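Please examine the model below before reading the report. The text treats the model overall and then its helices.

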Amino acid sequence: MREHFVRPVIHMRESSKSAPDLYGLGKTIQFMLAHTESLISLNKLEEYLLLRIILKCLGENPKRKYENIKQVQNDLSKTKWKIRGKKF
């Protein structure tokens with residue numbers, strides 16, 4: 001199970017020291033959305049917004065990745081307003 005949340009060794013040569021933590025955060029959010037029963041249902045836009053945050057955490061695209069946790073917090077706070085007043 002641990003391997004799912006830890007960044008592959010190939011990508012460990014990141015310049016950012018927070019990259020492994022951001023990767024783990026993205027995988028945790030992804031896991032929670034996939035393996036827990038949600039009390040609220042998300043529409044396509046809401047799913048897209050959360051997927052975009054997950055992908056930026058995972059750093060799949062080097063040009064579109066988070067550099068620090070403040071950027072994640074900022075995007076999550078913006079997303080919260082777009083998700084029909086739902087709070088996470």
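The report covers model basis, overall composition and helix packing.

## Basis of the model

This is a predicted model, in which local features need pLDDT of at least 70 and side-chain atom pairs count only at pLDDT 80 or more, while totals for chains, interfaces and linings use all residues. Residues are numbered from 1 along each chain as its sequence is written, and side-chain values use heavy atoms, with hydrogens and water left out.

The mean pLDDT (the predictor's confidence in each residue, from 0 to 100) is 77, and 69% of residues reach 70 or more.

## Overall composition

The protein contains four helices and zero strands (DSSP runs numbered from the N terminus: helices are H or I with at least four residues, strands E with at least two). Of its 88 residues, 26% are buried (under 20% relative accessible area, 1.4 Å probe, protein chains only).

## Helix H2 and its packing

Helix H2 (residues 19-35) has 17 residues and spans 24 Å from first to last C-alpha, close to the expected 24 Å (1.5 Å times one less than the number of residues). Its buried residues are Ala19, Leu22, Tyr23, Gly24, Gly26, Lys27 and Ile29.

The axes of H2 and H3 come within 7 Å and cross at roughly 145° (lines fitted to C-alpha atoms over the stretch in contact; angles run from 0 to 180 degrees between N-to-C directions). The contact (heavy atoms within 4.5 Å) involves Leu50, Ile54, Cys57 and Leu58 of H3.

Notes: Buried < 20%, exposed > 50% of the residue type's maximum accessible area, 1.4 Å probe, protein only.
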